[in-house]
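Let's take a walk through this one, ring by ring and strand by strand. Have the viewer open and follow along.

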Amino acid sequence: MKTFAKILFLIGLAVLVPACSKSSTEALFANQETQIENFLNSQLSANPEAYTISKGGTQRLVLTEGSGDELKGDGTLSFYWAGYVLTGSSLSASNLFGTNSLEVAEEAGWDTEDTDAFTIRTMGLGELAGALRDGLTGVKDGQECIVLFSGKYGFTNKPLGTIPANAALAYHFWVESISND
């Protein structure tokens, strides 16, 4: 009888552990969404000309409007970027995980000897991961924006380089040009 009770206990535990893990992950994502909202509100109050665009769980904070046509699904863009793990109410060198902007890298105290790493990137919108694709659809030449999304819409539930699993991310983009040809 004791063995049967132990088996039932272990089966119950096996069912509860994934449920608790799923609940913890959902709470993490909800907290990240609040953090993103707080970040956006602080940025919007500091810059009255800024505005946001939402698409597919992604928020794009437009800091500088840009001009011309909007980037469409099969278009390409040329840009500089800086990627941050969103851990608070600001983006700083302490949460920067990657960039091709020499200026951002120097401000962060990164080694900038490899100048090939700090050149403009040109990519097709379709080459980008879903959240970034959603966030950049509609950008214009010269637009400066920050694309934010919670870990729910991120890249993986496993760590990726210096990016923790299920991390909320913020990508600062300086769009040099777009093409819909």
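A quick definition to begin with: a residue is called buried when its relative accessible area is under 20%, exposed when that is over 50%, and partly exposed in between, using a 1.4 Å probe and protein chains only. Keep in mind that this is a predicted model, where local features need pLDDT of at least 70, side-chain atom pairs count only at pLDDT 80 or more, and totals for chains, interfaces and linings use all residues. Residues are numbered from 1 along each chain as its sequence is written, and side-chain values use heavy atoms, with hydrogens and water left out.

Let's start with the aromatics. Rings of Phe, Tyr and Trp (for Trp, the six-membered ring) pair if their centres lie within 6.5 Å; planes under 30 degrees apart are stacked, over 60 edge-to-face, and the rest tilted. Searching the whole structure on those terms turns up six aromatic pairs. One of them is Trp81 with Phe97, a tilted pair at 6.4 Å centre to centre with 50 degrees between the planes. Trp81 sits in strand E3 (residues 76–85) and Phe97 in strand E4 (residues 96–99), so this pair ties together parts 16 residues apart in sequence. Strands here are DSSP runs of E, at least two residues, and helices are runs of H or I, at least four residues, both numbered from the N terminus.

How buried are the two partners? Trp81 has a relative accessible area of 17% and is buried, and Phe97 is buried at 18%. Trp81 also pairs with Tyr171: the ring centres are 5.9 Å apart and the planes meet at 40 degrees, so that pair is tilted. Tyr171 belongs to strand E7 (residues 169–179), so its pairing with Trp81 in strand E3 bridges 90 residues of sequence. Tyr171 is buried too, at 7% relative accessibility.

Next, find Ala105 in helix H2 (residues 102–107). Ala105 is buried, with 0% relative accessibility. Leaving out residues up to four places away in sequence, Ala105 touches Thr99, Trp110, Thr112 and Phe118, where contact means heavy atoms within 4.5 Å.

Last stop: strands E1 (residues 51–55) and E2 (residues 58–64), which pair in the antiparallel sense over five bridges; pairing requires at least two DSSP bridges between two strands. Thr52 stands opposite Leu61 in E2. E1 and E2 form a hairpin with two residues between them, and Gly56 in the turn has a positive phi of about 55 degrees.
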